[in-house]
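Here is a short briefing on selected local features. Please keep the sequence and model in view while reading.

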Amino acid sequence: MRTTVIDHLRHADWLDTRRVRGYAVIVGIASLLLLVNSFIKAMGVEGTDFLAFWGAGHVTIGGDPAAAYDLEVQERVQTATGSEGWFAFVNPPPFLFAAAPFGALPFPLAWIAWVAVTFALWAWASIRAFVQLWPIVIVFPGALLAAGHAQNGLLTGAILIAGVTLLDRRPVLSGAVLGMLVIKPHLALLIPFWLAGAGKWRAFLAAGMSGLALLLLSWLVLGLDTMLAYTTSWNASAAIMENADRAFYLRMATPFSQLSLIAPTEIALAVNIASAIGMIILAFMSWNRFGGDALASGALVLAATALTSPYLFNYDLPFLILPILWLVREGLRQGFRPWEKLALVLLFAAPHATRAMALPLGMNPMPICAALLVWMIWSRAQYVQENIKNPEY
């Protein structure tokens with residue numbers, strides 16, 4: 001009996017297309033209910049992360065973009081919504097182009113519009129890569145978490161996914177899209193190394209020019225005062241990290257954050273830097289590993305991105321849908337490995353589940369899940385190559 005149960009989990013033959021679609025409907029309904037709950041909480045007195053974006057957009061559309069980085073102004077603007085809490089805006093000036101249109105709306109409508117628009121962009125980028133897997137895309141828990149926080153993870157996820165999927169066919173456009181990550185540059189740490197590793201110089205130059213163009217446009221449109229005001233936000237970011245409590249680190253999803261709970265900051269940072277160097281090496285090697293397949297290599301790079309930056313939260317992880325669905329697609333094409341289906345179910349739920357269990361567990365297991373995802377993608381190449389030689393494969 002025990003062997004039968006183990007085999008049942010090992011191969012997960014019960015997890016077929018019909019059941020997956022049925023589970024997707026259930027998760028989708030639950031997600032809508034949770035999203036409504038998130039909206040109600042966001043309108044409460046405690047406030048929400050989106051206040052920072054809305055407040056910055058509100059003063060920008062009002063003609064004073066530099067005030068986006070003025071803490072006193074932001075406190076006044078954000079608490080005028082009825083919230084007792086408020087949040088510093090620390091994103092680079094190009095992000096104000098995205099925030100400004102929503103700042104023109106009343107806060108409740110802006111929250112709904114931001115979530116709807118960014119989710120639509122992320123879903124479009126993800127579904128166009130895996131059309132037949134669209135039910136899995138729209139119920140991805142990582143996207144739900146970003147939507148519930150009304151954070152920018154859906155927007156940055158759309159940029160990363162679109163940039164990766166466009167590389168083969170439209171390298172210049174791919175680079176231009178990836179350059180937009182100047183709005184959150186620590187998510188793009190692997191991108192230059194990845195593009196350089198394959199000699200994708202048109203995409204590489206397009207990414208650099210795109211990022212530079214957005215900065216120059218910010219200077220021209222928003223003014224030098226705004227560019228200089230942004231530098232003051234570095235102090236706010238430093239203060240946030242210096243005053244961060246244990247709960248703050250548990251909400252983060254990086255090797256640095258979790259090691260900081262049990263080791264000196266210097267050691268935790270050193271380990272994260274070592275992890276980042278390892279991911280850079282993998283990004284270079286991935287092209288040869290996957291025979292130049294940009295989507296396969298890109299899947300590895302996006303998975304590795306979750307182990308690169310020391311500053312990353314679970315709501316930043318909607319981009320992980322691409323590496324997860326790449327593994328699903330390869331499993332459907334070539335056959336799933338033992339335990340792979342079950343592992344993919346766990347990884348699919350991981351961005352939301354690890355955040356939910358972090359506080360009660362006393363650690364955030366997301367870095368472990370990200371490492372597992374990287375290993376599964378890397379080892380899938382070897383598995384496919386070995387089994388292609390097998391006539392029974």
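Asp64 sits in the loop between α3 (50-61) and α4 (71-79). Helices here are DSSP runs of H or I with at least four residues, numbered from the N terminus. This is a predicted model: local features need pLDDT of at least 70, side-chain atom pairs count only at pLDDT 80 or more, and totals for chains, interfaces and linings use all residues. Residues are numbered from 1 along each chain as its sequence is written, and side-chain values use heavy atoms, leaving out hydrogens and water.

**Surface charge**
- Asp64 counts as partly exposed because its relative accessibility is 41% (buried is under 20%, exposed over 50%, partly exposed in between; 1.4 Å probe, protein chains only).

**A buried arginine**
- Arg380 lies in helix α20 (residues 366-388).
- Its relative accessible area is 1%, so Arg380 is buried.
- The Arg380 side chain makes a polar contact with the side chain of Glu340 (2.6 Å).
- A polar contact pairs N or O atoms within 3.5 Å; within protein, one must be able to donate a hydrogen and the other to accept it, and residues adjacent in sequence count only if both atoms are side-chain atoms.

- Ala150 has a positive phi near 50 degrees.
- Ala150 is in the loop between α8 (141-149) and α9 (153-166).
- Trp339, not a glycine, has a positive phi of about 70 degrees.

Key
Helices (H or I, at least four residues) and strands (E, at least two) are DSSP runs, numbered from the N terminus.
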